[in-house]
Amino acid sequence: MAQVEFDNQAFRQALGSFTTGVTIITANAPDGTPVGLTANSFNSVSLDPPMVLWSLAKTSLSVAAFSEAEHWNVHVLSQHQQDLSNSFAAKGEDKFSGTKLETGISSAPLIADCSARFQCRNMVTHDGGDHLIFIGEVLGFDHQPLPPLVFQQGQYAMTARKPWEAVNLSSEPTAPECSYNEDLLGYLLGRSHFQMLYRMRKVFDEQALEDSHFFALSVMNIQQKLDLEQLNTHLDYTGHSVSEDDMKFLVSQDLISKVDEESYQLTSSGRETSLHHIAQAKAIEEELIDELGVGDVMALKLLLKRLIHKTDPGLPDLWSTQDKPL
Ligand SMILES: Cc1cc2nc3c(=O)[nH]c(=O)nc-3n(C[C@H](O)[C@H](O)[C@H](O)COP(=O)(O)O)c2cc1C
């Protein structure tokens, strides 16, 4: 039979298109030593009886332990457990040091704070090429609404759920071709910024503050002492600026005070006001988490951070200059 050429690397890449969760599988060696490794080969097999499977490379240091183990536990990792995933993917480390464990059905290690856990009895082990395939009966399971860690194309990823129905913006008139339309990234970012700020503005209005005053107070909450020019350097990218008159207004409201001829700082009531703004922003975020789900908000933040990094025109770093936040 003619030998078909097989590109192993391309095969791995093709398999990487299949997006998976990330698990840690644990067991005890016969001498009681805990073993465990990161695995994304986990899958469901049967609902009734409840069965799952996963596969273990024959090169793994824990082959002997898993081959003899009567029980093993599967831990579906959540977004905040990426470091744990990395430590269990490293060979020969003391993987369990510092890992919070709980008591389970068997003596196999049971890791806390995961998205889901399946406590299994090994039913059968199959040979699977360079892997061993373990099939287990699920004796117990639990899960929490924590967004799961995802693995795709050799990288950790986050998921953003797609709503069943397309997002309804139909109340807006359809934009004519070649003009701004609702799918333009700049439009989406701008609109979401203004909609978020719109809700904050209700709080500003209570104190007759304008957006520029809010930006100025936020910067001064981080930088203790600034003159007008320094302040405006930080505000430059927002398209807003503050004038001498704005500063006089903020002084008259007892929100800032003069440190010397040139520089200003927040007064204690200014700091309180700024903290009130932050609390309001957090409350709006909490509501958004309730609406969108914590996983989607985390994914949104990740993408926004990447975008901010990529589009940074070289702004002065607010947090790393000499005056540190209080
Ligand atoms: C996301 C991810 C998924 C993995 N999936 C598996 C897997 O399904 N089976 C496996 O044997 N190794 C898998 N590995 C590799 C093992 O975690 C790694 O080889 C580990 O060092 C094995 O540890 P051990 O030799 O101490 O058992 C995966 C690694 C990562 C980062």
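Analyst: Strands β5 and β10 (residues 131-143) pair in the antiparallel sense over seven bridges; strands here are DSSP runs of E with at least two residues, numbered from the N terminus, and two of them pair if DSSP finds at least two bridges between them. This is a predicted model, where local features need pLDDT of at least 70, side-chain atom pairs count only at pLDDT 80 or more, and totals for chains, interfaces and linings use all residues. Residues are numbered from 1 along each chain as its sequence is written, and side-chain values use heavy atoms, leaving out hydrogens and water.

Within that pairing, W54 has F134 of β10 as its bridge partner. β5 also pairs with β4 (residues 43-46), again antiparallel, over three bridges. There N43 stands opposite L53, and a hairpin of four residues joins β4 to β5.

The elements giving two or more residues to its shell are β3 (34-39) and β5 (51-57). A residue counts as near if one of its heavy atoms lies within 4 Å. Of the 17 residues around the ligand, S41, A57, S60, S62 and K91 come nearest.

Polar contacts are pairs of N or O atoms within 3.5 Å. A backbone N or O atom of A57 lies 2.8 Å from a ligand oxygen, while a polar side-chain atom of S60 lies 2.5 Å from an oxygen atom of the ligand. On the nitrogen side, a backbone N or O atom of N40 lies 3.0 Å from a ligand nitrogen.

Notes
Polar contact = N/O pair within 3.5 Å; in protein donor to acceptor, adjacent residues only side chain to side chain.
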